[in-house]
Amino acid sequence: MLPDWLRDTFISLQRSLESGSHALLLTGMTGIGKRALADHLARSRLCDTPSEQGACGVCTSCRWLAARTHPDLILLEPTQEELESDAEEVASPAKKGKVRQYIVIEQIRDLLSQLELTSHAGKGRVIIVDPAERLNSNAANALLKTLEEPPPRTVFMLISAHEERLPITLRSRCRRVPFVRPSRAVALGWLHAMGIEKADGLLRLAGGAPARVPQIKEGGMAQRWGRLVELLTPQAKRSIEWDTTPNGLAELCLLLQMLCIDLHRIRIGATAMYSEPNDAVIEKAARQLAPDAISEFWRALGKIRAVVQHPLNGALLRDQLLLAFDQMLTSPAQAQ
């Protein structure tokens with residue numbers, strides 16, 4: 001079911017597509033419903049008997065969509081490749097492949113070949129590109145030509161949390177649809193309706209993006225955040241185990257950056273963004289750590305995060321992160 005905060009946007013975009021719009025750019029931070037809305041629009045567009053509320057859910061097209069077998073719904077996303085080492089397979093045994101970094105020209109060529117054929121159900125096609133900023137330059141240029149002269153009854157929906165990374169020529173061919181975070185009350189209401197416990201703290205870790213909360217809860221991110229916060233105490237053991245795959249290291253960078261933001265905010269008298277209000281450990285650390293030390297660590301995180309998806313040695317990179325963290329905590333220039 002579509003979240004309440006997306007309902008008005010859905011109705012507006014549904015009417016826009018009916019009036020002839022063929023390319024939408026759905027933009028905004030991760031976890032606020034861009035993909036959910038795109039999926040809802042796609043189901044409505046391909047449904048045999050859609051209404052203002054969306055797809056009927058019972059027709060042949062809806063059954064195909066539910067089974068993810070509808071031939072007229074095409075998803076472009078970074079593709080799967082073979083694992084490069086047994087070590088990666090051990091670290092992530094549930095996955096047989098790893099995500100390629102980009103959407104490449106071969107995928108666009110395959111798409112163009114499909115678009116030359118008549119749509120299966122006669123209602124046109126829907127193409128979802130997610131995330132659109134992962135289009136490499138050749139793929140973006142090839143897609144641009146199709147957006148300029150789209151096949152009849154074909155709708156493109158590009159989803160991006162970093163629209164600034166898209167070529168301006170590509171953005172100019174799309175109707176831009178900005179997404180904003182729902183209010184905290186609305187987000188918590190939705191999470192409580194889903195039966196998620198301790199939703200308030202999880203929503204904080206998600207930066208107010210409610211659609212990220214289930215993933216954070218199931219993935220154990222809250223527990224790992226707690227482990228990092230514990231390292232702020234003087235008596236803490238200066239070591240920690242951590243997943244050294246690219247995704248694990250990216251999360252470590254993210255959590256440490258979130259911690260830096262809260263330390264800075266508390267130092268200037270603002271409320272924390274990610275941690276619980278009045279967390280004694282973070283409050284004390286924020287008062288004791290020198291601003292220069294926090295800023296230096298923040299800059300180090302930025303440099304490391306730039307290469308975190310391609311680490312030559314994951315364990316070494318993890319150790320670099322935690323060493324820089326320890327240097328911030330033990331800086332001799334602490335403010336008393």
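## Salt bridges in a predicted model

Arg224 is partly exposed, with a relative accessible area of 22%, and in this predicted model its side chain meets that of Glu251 in a salt bridge with an N to O distance of 2.6 Å. Because Arg224 belongs to helix α11 (residues 221-230) and Glu251 to helix α12 (residues 246-267), the pair ties together parts that are 27 residues apart in sequence. Glu251, for its part, counts as buried at 17% relative accessibility.

The count of salt bridges comes to 11, and the pair formed by the side chains of Asp130 and Arg35 is one of them, with 2.8 Å from N to O. Asp130 is buried, its relative accessible area being 17%, while Arg35 is partly exposed at 27%.

A further salt bridge is formed by Arg318 with Asp319, whose closest N and O atoms are 3.2 Å apart. Here Arg318 is buried, with a relative accessible area of 14%, and Asp319 is partly exposed, with a relative accessible area of 40%. Elsewhere, salt bridges that share partners join Arg35, Asp39 and Asp130 into one network.

| Salt bridge | N to O distance |
|---|---|
| Arg224 and Glu251 | 2.6 Å |
| Asp130 and Arg35 | 2.8 Å |
| Arg318 and Asp319 | 3.2 Å |

Technical notes: Residues are numbered from 1 along each chain as its sequence is written. This is a predicted model: local features need pLDDT of at least 70, side-chain atom pairs count only at pLDDT 80 or more; totals for chains, interfaces and linings use all residues. Side-chain values use heavy atoms; hydrogens and water are left out. A salt bridge is a side-chain nitrogen of Lys or Arg within 4 Å of a carboxyl oxygen of Asp or Glu. Buried means under 20% relative accessible area, exposed over 50%, partly exposed in between (1.4 Å probe, protein chains only). Helices (H or I, at least four residues) and strands (E, at least two) are DSSP runs, numbered from the N terminus.
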